[in-house]
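Keep the viewer open as you read.

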Amino acid sequence: MDRAHGGWEDVCPIVAATDDAEGNVRIRLIYPDPNPRVGLSGRKVESAALQLLAAITSPAHEVSVVQEHLGDTVRFDDAQVDLVGITAMTIQARRAYEIADGYRKAGKTVVLGGIHPSVRPDEALQHADAVVVGEAEPVWSQVLADAATGHLRGLYRGQEYADLRQLPPYRRDLFPKRSSFSLASVQAARGCPYDCSFCSATLFSGRKYRFRPVENVIAEIKALGRRFIFFLDDNIFSSEAYCRALFSELKKLDVIWVGQASLHLTASNPNLLKLAAESGCFSLFVGIESLTASNLRATGSLAKNRVGTPAEIGKSIRVLHDHDIIVMAGVIFGFDDDDPEVFDRTREFLFDNRVGHGSFSALTPFPGTKLFETLRAQSRITTYDWSKYDGATAVFLPKLMTAEQLQEGTRRMGVNFYSTPKILRRFWTNRHHPFIYLATSLAWRHSCRVENRVPFFRPSGSWKERGKQSPAREIEGSADPGQPVLAERGAEESSAVCDSASGVA
Ligand code: B12
Ligand code: SF4
């Protein structure tokens, strides 16, 4: 069997344990294409979840992969498949269920996993023979063993989080298509000690950081032979001791990397930031979320950002610039203290501070989050059609603006932010990585314009309205979906001690 563990069985007992599995199951792993977005986001990046799932599958089974967003086609009549494993974020749920239903009609066994089935297991079980709640590592071999004997038990949920010391490298050999970015995804740690009301990370991965041994991360990167690395961690600046060890080792390799980090942790530790830059960090995604302190306070994000005024945030951004790091600012619109002026204020702030990249989202109440429960209790959620939960569509009623204003304002931000004159005018600040800055800016520019159907020759700056694109409304069959399940474990952990003084993306 074509197996690519290359000696990792010694350090990764997860793989060794699953090697005892009985029976040969022909497994097809699927990444559904949510489809509504045609730009960069989500369309080009390989699925780390499927790469990892393949890696923890016993060699007794056969694994193949279909990544719809990279052009692969789903074929329900494929005789070479016994079991289909489908991953889903919320935006993918609708398509995931379509695929699941199609395969079940064709007599195949279907297993659903990932963040959305984890927070909506009862909903997912209507489309699957089994649902994995939470991380796959603790239960995947059991799922396959039960599938092989025809005794799947419906819900599978690990008693504990995965031990990342046992994590094997992802199986990239099954993924021949490289993304156009050619970024290789690597994970060093999981978990987030914060609990921002709009975010699923803490709920899913726990409050405590869990680290992979630095030597395993480095060995994986060396084996990859790729130059551009994308750290999947919610905060690559997690614990100072761990980061020092990781960055020192990365420095010895010929790689450049991008990751997510908290603005406070990076800006308040110039020594560590210097080491990060020396180790190849060229860009950091920092979740600024909002320029309004009351929004940050209300959502719990002030705990990780520490700074809440535009002046303080600008100061922190300058520290990153001083270390030649391109800042990608994550901004969310539609918080309770956001009025229609928020878009202009944010645009000016980002431009004045020469922020290189921006990622703009309409606030989205993802199921399982505190925000979801709050807005649902206030009857402000306007649709439970998960395919609308794309961060671009208004799916709830904001307080100080209309849903239309939220949606159009958010869409306009991306297009205007990536106008050619603006890209050029912030070049000097981001000049230390000229090719990367320009190439990624133009790629994002293209993406924003395509997603918003802006005519090719129209200058971005003058673009106003996209036309008739209504915010999401309640649709048939998208009833209120009930309570989340993972929240129980999140609650148990609320007093857990985090192992670093930190904040995250
Ligand atoms: C990398 C990433 C991306 C990549 C996706 C790359 C890809 N093709 O997979 C990019 C940058 C493109 C992206 C985009 C978006 N993302 Co994103 N992303 C992440 C991030 C940082 C890491 C995910 C990852 O790969 N982890 C590593 C793998 C190994 O872990 P995993 O996916 O959790 O998989 C494990 C389990 O879930 C389970 N599992 C997963 N699938 C399956 C399937 C089966 C069958 C089984 C048994 C088990 C199983 O087993 C795995 C191993 O334990 C997470 C944050 C996080 N902490 O998870 C957000 C996250 C998944 N993203 C999120 C969001 C909201 C988005 C966007 C909608 C944002 C936006 N506004 O545009 C877009 C959607 C794009 C689109 N149109 O598809 C949310 C999802 C919330 C939700 N309820 O859906 C997360 C959780 C961030 C957050 N903090 O809230 N994202
Ligand atoms: S700090 Fe970042 S990853 Fe952690 S809960 Fe908040 S937004 Fe999510």
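Strands β11 (residues 256–261) and β12 run parallel and are joined by five bridges; strands here are DSSP E runs of at least two residues and helices are H or I runs of at least four, numbered from the N terminus, and two strands pair if DSSP finds at least two bridges between them. Across that pairing, G259 sits opposite L284 in β12. On to β13: six bridges link β12 to β13, again in parallel, with S283 opposite I326.

So how enclosed is β12? Seven of the nine residues in β12 (residues 281–289) are buried, so the rest of the structure largely encloses it. Buried means 20 or more other C-beta atoms within 10 Å of a residue's own, exposed means 12 or fewer, and partly exposed is in between, with C-beta atoms placed from the backbone.

This is a predicted model: local features need pLDDT of at least 70, side-chain atom pairs count only at pLDDT 80 or more, and totals for chains, interfaces and linings use all residues. Residues are numbered from 1 along each chain as its sequence is written, while chains are lettered from A and ligands numbered from 1 in the order in which they are written.

D324 is partly exposed, with 14 other C-beta atoms within 10 Å.
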